[in-house]
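Me: I would like to learn how to read a ligand shell and a strand in a model. Could we take them in turn, general idea before particular case?

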Amino acid sequence: MNAVIPIHSNAAGCAEPTVRTERGQREVFCGLTGIIWLHRKIQDAFFLVVGSRTCAHLIQSAAGVMIFAEPRFGTAIIDERDLAGLADCNDELDKVVDKLLSRRPDIRTLFLVGSCPSEVIKLDLSRAAERLSRVHTPRVRVLNYSGSGIETTFTQGEDACLQALVPVLPTLDANADKRLLVVGTLADVVEDQMRRLLADMGITQLDFFPPRNSTDLPAIGPNTRFLLAQPFLADTTLALEARGAQRLTAPFPLGAEGTTLWLQAAASEWGVSQAQFEAVTHAPHQRAEAALARQKVHLAGKKIFFFPDSQLEIPLARFLSRELGMQLAEIGTPYLHRKLMSEELALLPPGSQITEGQHVENQLDRCHAAAPDLVVCGLGLANPLEAQGLTTKWAIELVFTPIQGYEQAADLAELFSRPLRRRIKLAA
Ligand code: SF4
């Protein structure tokens, strides 16, 4: 079933984005993929996928196999005996967890990560997590979430993981000072930059979620104000709001403009003067703009087409059109969370075409008809499109790479200019 929501006009008479909704075959990765960046961020956590050999292969090939390091993710394989009901999966799982935790004293939080196979055989991982927590607390906390690929996209894995952590966050004292919580996995280097900028404005009551160690969970409550650093955290947002935390609305910190508006939301809430805000942000903003100007030479006027994959598509489209002069052919997104995206939608060029969901055949037809210079898509579509002469960018790389903040703005632009330059070189 596909539907197009008609174009409205805003107060200035400009056409707002048109939203087409599609429900058809989809080409996306599953939420297990989030383990790759989550295990790097939360350094005392282990992610135990309860899944099949396919799940194990997906994780290992996406992560690259670290044969010399003790990995912090693994798969408890559901095999034929489990599927046939010949073995008690809960007993098997308990044995695997006991063995793992006795070998690895460094693990302080264990996530049992559900998969398509564990959901198909109706293995109740929330009960398993409760049971195992009773055995292993206080040394190890056991939580669960689903990374299944049934009706999800790959960034939902992080949303589900953080949502699972929200109930165990300590409660912020009702009389405590207001605290800022930055929500969404950021590379440590980006986190350090954000912390410095906010501290220079006087905002030092600050936590990041997820933290680098699962034993340093931030306290939350009605005095928490939170800023999303990632756009795909709809369920985590609801869970935080249910505990009284209030979201500060802002575009996402991609590009010089996005970063400034994101920081501005915190500065306004904390009553930072405009002079102080500019004193802190002026130099990094200028540096980012200068670096972006060098990338703009390669990107201005080029047409880009987004297939729905990472849920970063709308903020990226805003950044690429407003700061680099790219033309937006179509912005595909797996879901359109209008509330979380309202500031982003307002900044898109008039008449932008958004597609929510996917009917991959129809979208491929539209992509070919649009003849874009660059296509942003999942790995499954990239190679066939390259073979047909289109230039592609893997959406997943955008989540693996530090892209937020002033100092990363040009690196983000380069992720889009590099494939275009490579194509020119190959054609020469
Ligand atoms: S969770 Fe589902 S989609 Fe993901 S690798 Fe396992 S079987 Fe495949």
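Reply: Let us begin with the term helix: helices are DSSP runs of at least four residues, numbered from the N terminus. Please keep in mind that this is a predicted model.

Me: Which helix gives the largest share of the shell around the ligand?

Reply: That share, 3 residues, comes from helix α2, which spans residues 53–63. The residues around the ligand include T54, C55 and L58, and among the others are C30, L32, S115 and C116.

Me: How many residues of the shell are nonpolar, polar or charged?

Reply: The shell around the ligand has 5 nonpolar and 7 polar residues, whereas no charged residue belongs to it.

Me: Which strands are joined to β7 by bridges, and do they run parallel or antiparallel to it?

Reply: Strand β9 (residues 224–228) is joined to β7 by 5 bridges and runs parallel to it, with L227 as the bridge partner of V182. Strand β8 (residues 206–209) is joined to β7 by 4 bridges, again in parallel, and here V183 has F209 as its bridge partner.

Me: What kind of unit do β7, helix α8 and β8 make?

Reply: Together with helix α8, which covers residues 188–200, the strands β7 and β8 make a right-handed β-α-β unit.

Key. Residues numbered from 1 in each chain as written. Predicted model: local features only at pLDDT ≥ 70, side-chain atom pairs only at ≥ 80, totals over all residues. Pairing = 2+ DSSP bridges. Helix = DSSP H or I, 4+ residues; strand = E, 2+ residues; numbered from the N terminus. Right-handed = clockwise from strand over helix to strand, strands pointing away. Near = placed C-beta within 6 Å. Nonpolar A, V, L, I, M, F, W, Y, C, P; charged D, E, K, R; others polar.
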